[in-house]
Amino acid sequence: MYYITWVFQYLTILLGNMGFILLGGKALKEINSEFSDSPLRLQYYIIITGAAYFLFAFLIPTISAMRRWLGISTILTFTYIIILLVVLVKDGKSNKNKDYKIHGSKADKVFNGFGAISAIIVCNTSGLLLEIQSTLRKPAVENMRKALYTQYTAGLLVYYGVSIVGYWAYGSVVSTYLPEELSGPKWVKIAINFAAFLQSIVSQHMFLAPIHETLDTKFLKLDESMDSKENIKRRFYVRALLFSFNTFVTAAFPFMGDFVNLFGSFTLIPITFVFPSMIFLKVKGKTARLEKKAWHWSNIILFSLLAVVTTISAVRLIVNDVQQYSFFANT
């Protein structure tokens, strides 16, 4: 179970990083489209984003080194949210031709609905960052609970608030990347996309930190400091290889969000909802009350079934997109 969990988590982190690279590339392309009627291909911006991520990961090698960036990240997040909501409300009021009908066959609606569930779970795992950070000071359990309560109340209001307002403003044909839909002025679209790009640099680094830590432990000289001449050289090569691979795969599959959804359904649902109940039953199954056993068994059965259904939905979406898009498509 340890190795299964390890593989699932690292695959999710790796694919999540590719999703961030795609996000950063789209943000840069939107900025360029404000200055040119024929912006460069998406792949150029994906390469620029991958290079920016590499430089940040090389210069800020550990989570501890990110202390000063967390405040900047918060400012960028709220800048993005506030400006975006203001423009969405303005566009929603002026848009009189909104269609809220969900198009497609009944099968499409059902499978896309389950696909949305896995996407939501992937998005909301960022609440774990607050929980992890709160274990660094005592009392750890109390601080973890406070962090999670904050994320799943105030945090969810923001997540779903932006989604709901975006759907209200543009209808069911709204883009998966909201800034593509926004009306002017030009500086607003540039500011929103620039904030999204900068924030993606900080966010992806926090999610990718476990892989950096693993690679550093494997390839760096542990008896020397992180900034020794030999370790700087090794860190450069390790980070360069990692981001070169991620950037290449993202450029080749510009519908990377489908794969993120796949591993969200295939890995995050079992890790988040099934494994904890299995652990509880393993540790306290003989002494726990009957209603607690029933609760955890219901979690195991329900979310195992959900994992199967959402995985089928994600695979179906990938197959459809593979038929629609070619490799290195300029989406």
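Tutor: This is a predicted model. Start with a single residue: buried means under 20% relative accessible area. Asn 193 has 0% relative accessibility and therefore counts as buried.

Student: Where does Asn 193 lie, and which residues does Asn 193 touch beyond its neighbours in sequence?

Tutor: Asn 193 is part of helix H7. Leaving out residues up to four places away in sequence, Asn 193 touches Ala 27, Glu 30, Ile 31, Tyr 177 and Pro 179.

Student: Which residues of H2 and H7 meet?

Tutor: H2 brings Thr 49, Ala 52, Tyr 53, Phe 56 and Ala 57, while the H7 side includes Phe 197, Ile 201, His 205 and His 212. By type, the residues of this contact are 7 nonpolar, 5 polar and no charged.

Student: What should I look for in a nonpolar core?

Tutor: In soluble globular proteins, nonpolar side chains tend to be buried together. Here the largest nonpolar core has 29 residues, and Tyr 53, Phe 56 and Leu 208 are among those with the most contacts inside it. Helices H1, H2, H7 and H8 each supply at least two residues of this core. A second, separate core has 25 residues, including Phe 255 and Ile 300.

Student: Which residues is Leu 208 in contact with, sequence neighbours aside?

Tutor: Beyond four places in sequence, Leu 208 is in contact with Ile 13, Asn 17, Leu 242 and Phe 243.

Notes
Residues numbered from 1 in each chain as written. Predicted model: local features only at pLDDT ≥ 70, side-chain atom pairs only at ≥ 80, totals over all residues. Heavy atoms only, no water. Core = buried A, V, L, I, M, F, W, Y, C linked by side-chain atoms within 4.5 Å. Buried < 20%, exposed > 50% of the residue type's maximum accessible area, 1.4 Å probe, protein only. Helix = DSSP H or I, 4+ residues; strand = E, 2+ residues; numbered from the N terminus. Contact = heavy atoms within 4.5 Å. Nonpolar A, V, L, I, M, F, W, Y, C, P; charged D, E, K, R; others polar.
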